[in-house]
Every structure is written in C-alpha cells, then in structure tokens.
Amino acid sequence: MAGRPESLDSNVYCIADLIEFCNKKVSRTTSEYIAGGAMDMITVAENCASFDRYRLVPRVMKDVRHVDPSSKCWGSQTSMPLGFSPTGLHGVAHPHRELGVSRAAAKVGVPMCLSSWANSSIEDVVTQGDGSGIPYAMQLSVVEDPDANLYTIRKAEAAGAKALWITCDLPILGRRLNEYKNQFSIPEGLTVPNLPPDVDFRASSQDSRMGYDRGMTWEKVNWFKSHTRMQVWLKGIMHPEDALLAIDAGADGIIVSNHGGRQLDGIPSTLEALPGVVRAVNGRVPVHFDGGIRRGTDIFKALALGADFCFVGRIALWGLGYNGEDGVRLALQLLYDEFLATMTMVGVNSVEEIGPQHVARVLSDGSLISLADKSRPVSKL
Ligand SMILES: Cc1cc2nc3c(=O)[nH]c(=O)nc-3n(C[C@H](O)[C@H](O)[C@H](O)COP(=O)(O)O)c2cc1C
C-alpha cells in the first residue's frame, strides 16, 4: 500500500498485540506477575485510562520533512524521550532476561534502569550496550542495612551506571493479590546478583539486608548523595509538596511514578499527578514520568503535560515473553515509529516544541478544553 511502512512482525502491530501474543506464550503466573498490581488494580487501570481523557491538537502545513524525536537522559543522547523503568525478575519472562532487554535498548538507542531485583548483574547489563552510548541507571529498593545498600551502589558505580534511582514508594510491599493466589516466587535457577551475595533472597524472613527500610525520610537522601558519585533520582513522587521536598533534599531529578499501580491501590494515575508536580518543580530539576504508557501518542501526551522524559516498565517483560531480545526490540521500534508519526502529524519538529498547546482535556460532558488556555474550549480556539 502506498505510503505504508513495512510491518515489523506478522502478529504484533502495537503494544496491545504484544500483550496478547506474550500471554499466549508465558504461564498464567507469569502473565499475572507482569500485568498485575495491588488489590483491585484501580490505579493500574487508571494509569492507562487517563491518557484517553486527553486529545491531541494537531496543526497542519508545518513542513515536517525533518522531524527529530531524539532527546537526552542523564546527560546522554537518546533516540527518543523513552527508556526502561526498573522491573524485577526478567528471568521469569525469558532466558534472555535483562541482558536481552539491554541489547534491545542499545540497538534502538534508549536508556535503561536496572532493578535491584534483576536476575542479571549490572556489569553484564551495561556490557551489552558497549559502544552504543546509551546510559544506564541502577534502581535501589532501600533496605535497612546501609552496607547492603552500599553493595548495590558500588557495583553500579563500577559498572559505569550514571544514575541511582531511589524508589521512595516502597516502605512495604504492596498487596498484590495475584502473587498470593499464584504463590509467586523466584523460580529455581534464577539469582538476584545485585544484592549482597550472602543474602537468602528466597527467604521471607526480616533480614535487614533485604527488608525494605520503613524508616526512610528526606534526610536520608543526603546520605545517598554523599555516598555516591552517580546522580541521585527519586522515584515514586506523586505529590507536589513531596516534589519540593525532593528538591530540598538534593535530588538531581524526580520520577513521577506510582510503581505501575503495584503499591497503594486507589491513588491517582501518574498522568493526573504530573501537571501538579511539574508546576511545583517549575524547571528546577528534570521531571521524568512512568505509568500506563502503551502507545507513541501516550509518550507525546505525557511530554505535552510537562514530563521531560518517559519510561515504560511492563513493556520490557511483555517483549521478552513474546520473543526475547527481538520482542523487546520490536516493542521499542513500534513505540519509536508511533511517536515519530505522532510528532509528524501533530506538526512538531523537535521534542522541545511539544507543549500544552498540543493537547486538550476531555471534560465530563464530552467537550474539550485547551490546556494552553484553560478558559477556552477547543471549539473556540
Ligand atoms: C513486574 C514489575 C516489577 C517491577 N519491579 C520494580 C522494581 O524492582 N523496582 C521499582 O522501583 N519499580 C518496579 N516496578 C515499577 C516500574 O519501575 C514502573 O514504575 C512501572 O512498571 C511503570 O508502569 P508501566 O508498567 O505501566 O509502564 C515494577 C513493575 C512491574 C510491572
């Protein structure tokens, strides 16, 4: 068909297809581990549904011969404003685990943050991207024992990770009902090599090197800042006042995230939380975003609402489950193509140009209100 780019795969044409075909290949326990969240999963659903409460506002005749979707993350150039948020246990989805995700990210030119509950070591993950120039970060689920935290930090520094993501919304594990019902556990043969080697990660006992630190406060951010040369980013910021406290605490950046709806159910979607945080931060530190992104238009909408960069979590696992490294690469290529097509048809040539003028909010009566000028309905622009 004239003008239609070649298909990348004979089954999967978008992330919704990827989910469907991944689920045909992996066990129910695995598919529910990936898609699941806390309790009734209201927040899981809202993270995606919120994107549909915005419409794109395109402009035509904008000379879009040279649209450039490239961006920057942690000081490095990336092919688009999208990367991988940390998701634990990639080994349950495919034997390529985090190494395959890293190779796919490197091939498409996007950054990757590794979970402290990864099944691959940060050194091996970073090595897969050698020569690509993509940046890596290490996520830390903070535990009570400072030496155990330092173990992960030192490994990440030695591997060349640029940023440390401290997960702030994890004083305890969220109540994920699927994991209870399926008696989900780390399969035999998989290890968690970024935790100290003598930690029994299969035990549920309160080992202070593994038990989450419920005593986390803003003051402790300073301790992390003074114990690493990596940038320190705080993940899980949803409240504008917490964003201000994060800046006061010295965060190099924040990630608006609700852990993909896996922690406290019934809280707002990240897209709903984003504008308030962006307003409070007012450009003092970068604001990154994750939660519910499944399409190129979703990336565009999050940027239009003020995010500087976007991340996806589950898509790495769905890609692996469908077809290992190639499945992850396919997912990234689809999102790249969709995002580029969105920029082109909305009529913007660079990521910096994307702003509130490009989205309108759907009100409860179905009418649209411009975000650039809230007093004006789109019909009166
Ligand atoms: C299976 C799974 C495991 C996750 N593991 C971690 C983790 O180890 N540390 C962390 O900070 N966030 C973790 N997250 C949350 C992600 O980093 C991210 O915030 C979330 O997945 C974004 O939503 P999305 O999946 O809709 O893109 C996990 C999410 C999923 C789905």
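Me: Let's start with contacts: which residues is H259 in contact with, leaving aside its neighbours within four places in sequence?

Reply: Contact here means heavy atoms within 4.5 Å. By that rule, and with those neighbours left out, H259 touches T167, D169, L170, R176 and K235. Keep in mind that this is a predicted model, where local features need pLDDT of at least 70, side-chain atom pairs count only at pLDDT 80 or more, and totals for chains, interfaces and linings use all residues. Residues are numbered from 1 along each chain as its sequence is written, and side-chain values use heavy atoms, with hydrogens and water left out.

Me: Which side chain does the H259 side chain make a polar contact with?

Reply: A polar contact is a pair of N or O atoms within 3.5 Å; within protein, one must be able to donate a hydrogen and the other to accept it, and residues adjacent in sequence count only if both atoms are side-chain atoms. For H259, the partner is the side chain of D169, at 2.9 Å.

Me: Is H259 buried or exposed?

Reply: Buried means under 20% relative accessible area, exposed over 50%, and partly exposed in between (1.4 Å probe, protein chains only). H259 has 17%, so it counts as buried.

Me: And how does R202 come out, buried, partly exposed or exposed?

Reply: R202 is partly exposed, because its relative accessibility is 36%.

Me: What does the R202 side chain reach at 2.9 Å?

Reply: That would be the backbone oxygen of L190. L190 is also among the contacts of R202, along with I186, P187, E188 and G189, again leaving aside neighbours within four places in sequence.
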